[in-house]
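Biologist: I have not seen this structure before. Please show it to me, and then we can go through it by question and answer.

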Amino acid sequence: MKFKIIGFYKIWVFLIFTGLFTTVNAQKVAVVLSGGGARGAAHIGVLKALEENNIPIDYITGTSIGAMIAGLYAAGYSPEEMEAFFLSGNFQEMVSGELTTQHSDYYTRDDKDAGWISLDLDFKKKLSKMLPTNIISLVEMDFVFMKLFASASAVAGYNFDSLFIPFRCVAADIDSNKVVVLRKGDLGRSIRASLTFPFYFKPIEIDNKLLFDGGMYNNFPSDVAMENFHPDVIIGSKVSGNYEKPDPDDVVSQIQNMLMSNTNFDIPADKGVLIEPPVEKVDLLDFSKSKEFIEKGYNETIKQLKDIQKLVKSTRDTTLVDERRKAFNATKPPYLIDTVVIEGLKKHEANYVYRTLLCRSNVVSLDEIQHKYYNLATDDKLKIYSSRLVFDTISGKFMLRLGIKPADKFLLKFGGNISTQSASEAFVELQYKYLFSEALKLKTNVYFGRFYSSALLGGRLDFPGKLPFYLGAKVVFNYYDYFKTGFHFIEDITPSFLLQDNNYFRVYGGIPATTNGKLEASVTFAGLEDEYYQTNIFSREDTADMTQFRCIPGMVKWELNTLNRKQFATAGARFMIRAGYLGGNETYISGSLSGKNNDYEQRHNWGWVDVVWDNYFQKLGPVKLGFYGEVYLSDQDFFSNYTSSLLAAPAFAPFPAVKTLFLPYFRSYNYGAVGIKGIVSIFKHFDFRAEGYMYQPYREILKAPDNTAFFGEKFAKRYFMFTGALVFHTFIGPISLTANYFNNPDQDFSVALNIGYVIFNQKALE
């Protein structure tokens, strides 16, 4: 009862302010905001200038981006709040459609791979239905729009005349080729319909009509304002125009002219004023100049203020506007959700969503559910196609209605790397996904190239709930041919021929450890085999030495990861601690040049701890700095000879170019390493990066005259490696030109051009 009394009081106060508003001012003013993509940020400056100079705004209409800004104003947001929202990183993420690492739990993600492109496949569908209908994901936008507009919709009773300011927006019904004027219903979904530019955004269905961007048929709805509100004065803000004649060599210009009708932007001089902020042309979704455009909208309005004041005789005090806005916002109900309705899934599939989203809670806030919602949105086993909040006036709480369908069961990935050196490889992966009360993913992939080839077959089962967890298994066959890299090991006394088979079967399980982390335990059954000569002088008739190592490593790993890219990251951090223990048997089979005629067997047991910290800091002027640190400790013992001992040692490889090389000075059983990184953004998606690392082995692995290994003096030597790279980040992956230096006696400098990712399947001990 107390809630109802308070709610009634707030509504009563709001109605008093509304009554004062409408009786004091006889002259009515409507504001009309055009479409125009990112240039529409100028509309915020227009509204800000009008408010500050006491120009009344009684009605507001808009198209596309104009509909969004008009809708925000009608929903009770001040121009200052809108400006802060447009300039925030959250807004940039929303319009880009790229869900960042902040939005999904790290434990749900797949291992890194060299994939460029992913294609969903459903062999029961027609090809036309498998093609994507949009290039921008709307998952985040739909959620943000719920958060921005659902409470205002509830207060208004889903009638746009009862908002803070009466509001209209327009959308395009392509089935009937008509303009649709939206005046009631879900405010967020209506605005989303108005700005659904074809191919960029997926169309939205309202009242059984598939709706697109209103700018297709009416990019400046001044006629809608006149017909619906009958204002005395119209103030228009125009940031777009009609498209020029299509260019025969420009496909985009041709499509724009086919889709967009010409719009009349004229306002009679005795009826209103048209404000045209001098904003330059930018890409549709390039909001990087929003601050500049807002200022231009503000300044242009101030320039035309006298013309506006000639038509608008009455004024409205800014204080009164603020008080009325506060009264309206005070009536908005809190975002408490007591019911979730899932549409589009079978009962057992919907159970997976309930367990992920609610975790058996009866009432949750929208903030509490937000992260879990994004987890669902990034879950590749299902797709959210609609989301809305519906207010229940009796309970005073919201119902969350989600339209979800299972993702296509098959996913095909293509990728790899094209390199001027030995790192060229092709990558193909096929995934099968099945959703029930749990979620199953099976996958198989292959890498094939000059240096590296691999095959993987694995599966993972995810269990949602209050404490979610996963179980998985995989078998991996890795093959490395260092002989084809063109790099020798050490001068002329160490082999240039090395083939490695790194094969294993692993079972693993994990749980989330904070939003951006996971705790994983695994047991691996590994068969490792190295073929090598212990000299660089050999013929086709010679046979190589062989070391086989059959072992069972167990490992626990705790990892936090917010890096923004799987290669050449520029933001975020990664912190990992892993510890393990293994036992295994080494078998040495001598070759024709070893000088030994007997084979050798030995038992090995050791434990290890590895700590890695990779972090990127805020910009220092034009440069973003990063730090890398690693400490590796073990009680590992020597293998049968120097070369096999070196091969069994962990390698330090902090950047892509090093992963394809065998660098003996950067292998040891105990070491520490530090690195400094500097990144300069030359222009959008194009960076220059420079990295330098110091590697300090505790005791270096050295070669005795009889080809056995022994330890050098403690901290006797340290080694360095450097890399400089020009990196262009494309939608399929990075294109990089790198120059690298490292301590290697045969070749200490290299230059390489790579298109793609130098990423491999995990090794047995990783």
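**Confidence, sheet and helix contacts**

Modeller: This is a predicted model. The chain has an average pLDDT of 86, and 87% of the residues reach a score of at least 70.

Biologist: Over which residues does pLDDT stay under 50?

Modeller: Where pLDDT is low, the predicted coordinates should not be read in detail. One such stretch has 23 contacts beyond four places in sequence, and this is residues 1-25. Another has 37 contacts beyond four places in sequence, and this is residues 486-495.

Biologist: Which strands stand at the edges of the open sheet of 4 strands?

Modeller: The order in this sheet is β11-β10-β13-β12, and the pairing is mixed. A strand at the edge has a single partner strand, so one side of it is left without a neighbour in the sheet. The strands in that position are β11 (364-365) and β12 (382-392).

Biologist: Which helix packs on the sheet?

Modeller: The helix touches β12 and β13. Its direction makes about 15 degrees with that of β12. It spans residues 139-155 and is helix α7.

Biologist: How many bridges join strand β10 to strand β13, and what is the bridge partner of V341?

Modeller: Strand β10 covers residues 336-343 and strand β13 covers residues 397-406. The two run parallel, and the number of bridges joining them is 6. For V341, the bridge partner in β13 is R401.

Biologist: Are α2 and α11 parallel or oblique?

Modeller: The axes of helix α2 (residues 42-52) and helix α11 (residues 290-303) come within 6 Å and cross at roughly 40 degrees. Angles under 35 degrees would count as roughly parallel. The crossing is right-handed. The angle therefore makes α2, relative to α11, oblique.

Biologist: How do the residues of the contact of α2 with α11 divide into nonpolar, polar and charged?

Modeller: On the α2 side the contact residues include I44, V46, K48 and E52. On the α11 side they include F293, G297 and T301. The division is 9 nonpolar, 3 polar and 2 charged.

Biologist: How many charged residues are in the contact of α3 with α7?

Modeller: The axes of helix α3 (residues 65-74) and α7 come within 9 Å and cross at roughly 40 degrees, and the two are therefore oblique to each other. M68, G71 and L72 of α3 meet F145, L148 and F149 of α7. These residues divide into 5 nonpolar and 1 polar, and the number of charged residues is none.

Note on methods:
Residues numbered from 1 in each chain as written. Predicted model: local features only at pLDDT ≥ 70, side-chain atom pairs only at ≥ 80, totals over all residues. Heavy atoms only, no water. pLDDT = per-residue confidence, 0-100. Contact = heavy atoms within 4.5 Å. Pairing = 2+ DSSP bridges. Axes fitted to C-alpha atoms, helices over the stretch in contact; angles between N-to-C directions. Parallel < 35°, antiparallel > 145°, perpendicular 65-115°, else oblique. Left-handed = near helix turned anticlockwise from the far one by under 90°. Nonpolar A, V, L, I, M, F, W, Y, C, P; charged D, E, K, R; others polar.
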